[in-house]
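Please report on the pocket, the surface patch and the salt bridges of this model.

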Amino acid sequence: MASISVSTGVADRVRELISQGAFGSENEVLDAALNALDRIEKDRADDLAWVKAKIRASIEDRRPGYTTEEVSEHLRDLFERAQKRHDSAA
């Protein structure tokens, strides 16, 4: 296998993990790091798929939407309730 160059800080951290007994070799540390990266990438892909499905469902939803005035009224109500809570807490 070819050698891999890493920064001094990374090399120190790898040696520290091995000396603490968390890993038996540099290869074990690298395997664990790559497995963690694979999990992160899968989680991101799953999250993106979920968002895309929600967007697709929203686009395909044929129910009538809210008017600008309905949204504005709802936001005004929310703001007024928040303002009242803030004023009563002060």
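Predicted model: local features only at pLDDT ≥ 70, side-chain atom pairs only at ≥ 80, totals over all residues.

Residues are numbered from 1 along each chain as its sequence is written, and side-chain values use heavy atoms, without hydrogens and water.

The largest pocket holds about 300 Å³ of space. Twelve residues line this pocket, and Ile-4, Val-6, Val-14, Glu-26 and Leu-30 are the closest to its centre. A pocket here is an open set of points on a 1 Å grid where a 1.4 Å probe fits, with protein on both sides within 12 Å along at least five of seven lines; lining residues have an atom within 4 Å of a point. Helix 1 (8–19) and helix 2 (26–60) each supply at least two residues of the lining. Helices are DSSP runs (H or I, at least four residues), numbered from the N terminus. The lining divides into nine nonpolar, one polar and two charged residues.

**The nonpolar patch.** Ile-4, Val-6, Val-10, Leu-30, Leu-34, Leu-37 and Ile-40 form a nonpolar patch on the surface. Together they have about 580 Å² of accessible area, computed by the Shrake-Rupley method with a 1.4 Å probe. Patch residues have over 30% relative accessible area and no salt bridge, and nonpolar side chains are joined within 5 Å. Helix 2 gives the most to the patch, with four residues. Ile-4 sits in the segment before helix 1. Ile-4 is exposed, at 55% relative accessible area. Exposed means over 50%, buried under 20%, and partly exposed in between (1.4 Å probe, protein chains only).

**The salt bridges.** The whole structure has five salt bridges. Each is a side-chain nitrogen of Lys or Arg within 4 Å of a carboxyl oxygen of Asp or Glu. The table includes three of them.

| Salt bridge | Distance, N to O |
|---|---|
| Arg-15 and Asp-12 | 2.7 Å |
| Arg-13 and Glu-16 | 3.5 Å |
| Asp-61 and Arg-63 | 2.5 Å |

How far apart are Arg-15 and Asp-12 in helix 1? They are three residues apart, so about one helical turn separates them. Arg-13 and Glu-16 also lie in helix 1, three residues apart, about one turn of the helix. Asp-12 is partly exposed, at 39%. Arg-13 is partly exposed at 42%, and Glu-16 is partly exposed at 36%. Asp-61 is partly exposed at 30%, whereas Arg-63 is exposed at 65%.

Terms used:
Points joined across faces, edges and corners; volume = space filled by probe spheres on them. Nonpolar A, V, L, I, M, F, W, Y, C, P; charged D, E, K, R; others polar. Patch = residues over 30% accessible without salt bridge, like charges linked within 9 Å, V, L, I, M, F, W, Y side chains within 5 Å.
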